[in-house]
Amino acid sequence: MIVLASASSARLTLLRSAGLDPKVIVSGVDEDAYSAHSPAALSLVLAKAKAEAVASGLDEGLVIGCDSILELDGRPYGKPATQEEAAERWRLMRGRTGRLVTGHCLIDVPTGRQVAETATTVVRFGQPSDEEIAAYVATGEPLGLAGAFSIDGRGGWFVEGIDGDHGNVLGISLPLLRELFAELGYAVTAFWR
C-alpha cells in the first residue's frame with residue numbers, strides 16, 4: 001500500500017498518471033511551526049514531519065511525504081496567506097528566476113526505515129502586468145500553492161520556462177521518488193496498477 005501524506009491534488013494526479021494509486025492521508029502538520037537554515041533544509045524537515053505524522057498511525061505501507069518551497073534571493077516562500085500577499089509575491093517574482101525546492105521523504109512503515117532527499121527545479125517567471133496579476137490572484141489558485149503559482153493551471157501563462165524536472169514543480173519528482181523506493185529495496189514498477 002502506498003500512502004500520500006498530502007492534500008495536494010497535483011501530487012495525487014501526477015502519481016496516478018504515473019501508475020500508482022495511493023491512499024491519501026493528510027498529515028495535519030502545522031508548517032509554520034518548523035524552521036531551518038535554508039529553504040532546501042526547510043522543505044526536507046517539513047516532508048519528514050508530514051511522512052512521520054502519517055506513518056505513526058499506520059501498521060503497513062510506504063508513506064510519501066513532500067513539501068515544496070520557492071527560493072528567491074535565498075529566502076523561502078511557501079503558500080501565501082492572503083490575496084494581497086499573493087499579488088505582492090507575483091510583483092516580486094515577475095521577470096526573475098527562482099528555485100522550486102521539494103523535500104521528499106519515504107517511510108517503510110513495517111521496518112521504520114526512512115529515506116529523504118530534495119529535488120530542485122529552476123523556474124523563470126514571465127512579466128505579467130499588474131492587471132494580469134490581479135486577475136490571476138482573483139481566481140484563488142495561487143493561495144494554495146508554494147510560491148503562489150502552478151505550471152499546470154492559470155499560473156502557467158506567466159512561467160516562461162523551467163530547467164529541471166517539471167514534476168518537481170508540481171510537487172513531486174518521479175525520478176527522485178523512484179530512487180528513494182530503490183534505496184528501501186523496492187522497484188516502483190511493482191506498485192504500478
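The following legends accompany several views of a predicted protein model.

**Figure 1. Secondary structure of the predicted model.** The protein contains six helices and seven strands. Along the sequence, these elements are arranged in the order β-α-β-α-β-β-α-β-β-α-β-α-α.

**Figure 2. Overall dimensions and packing.** A compact globule of 193 residues would have a radius of gyration near 16 Å, and the 17 Å of the protein agrees with this. Along the principal axes, the C-alpha atoms fill a box of roughly 50 × 35 × 25 Å. Of the 193 residues, 46% count as buried. Among contacts between residues at least 6 apart in sequence, 69% join residues at least 24 apart.

**Figure 3. Surface and charged side chains.** The protein exposes about 9,100 Å², of which carbon and sulfur atoms supply 48%. There are 17 positive and 25 negative side chains, and the centres of these two sets lie 2 Å apart.

**Figure 4. The aromatic pair Trp90 and Phe125.** Seven aromatic pairs are counted in the protein, with ring centres within 6.5 Å as the criterion. The ring centres of Trp90 and Phe125 are 5.6 Å apart and the planes stand at 80 degrees; the pair is therefore edge-to-face, given that angles over 60 degrees are classed in this way. Trp90 belongs to helix H3 (residues 83-93) and Phe125 to strand S6 (residues 113-125), so that the pair links distant parts of the chain, 35 residues apart. Both Trp90 and Phe125 are buried.

**Figure 5. The aromatic cluster around this pair.** Trp90 and Phe125 form one aromatic cluster together with Tyr136, Phe149 and Phe158.

Note on methods: Residues numbered from 1 in each chain as written. Predicted model: local features only at pLDDT ≥ 70, side-chain atom pairs only at ≥ 80, totals over all residues. Heavy atoms only, no water. Helix = DSSP H or I, 4+ residues; strand = E, 2+ residues; numbered from the N terminus. Rg over C-alpha atoms; globule rule 2.2 N^0.38 Å. Buried < 20%, exposed > 50% of the residue type's maximum accessible area, 1.4 Å probe, protein only. Contact = heavy atoms within 4.5 Å. Areas by Shrake-Rupley, 256 points an atom, 1.4 Å probe, with all protein chains shown as cover. Lys, Arg positive; Asp, Glu negative; His and termini not counted. Charge placed at Lys NZ, Arg CZ, Asp CG, Glu CD. Phe/Tyr/Trp six-rings, centres within 6.5 Å; stacked < 30°, edge-to-face > 60°.
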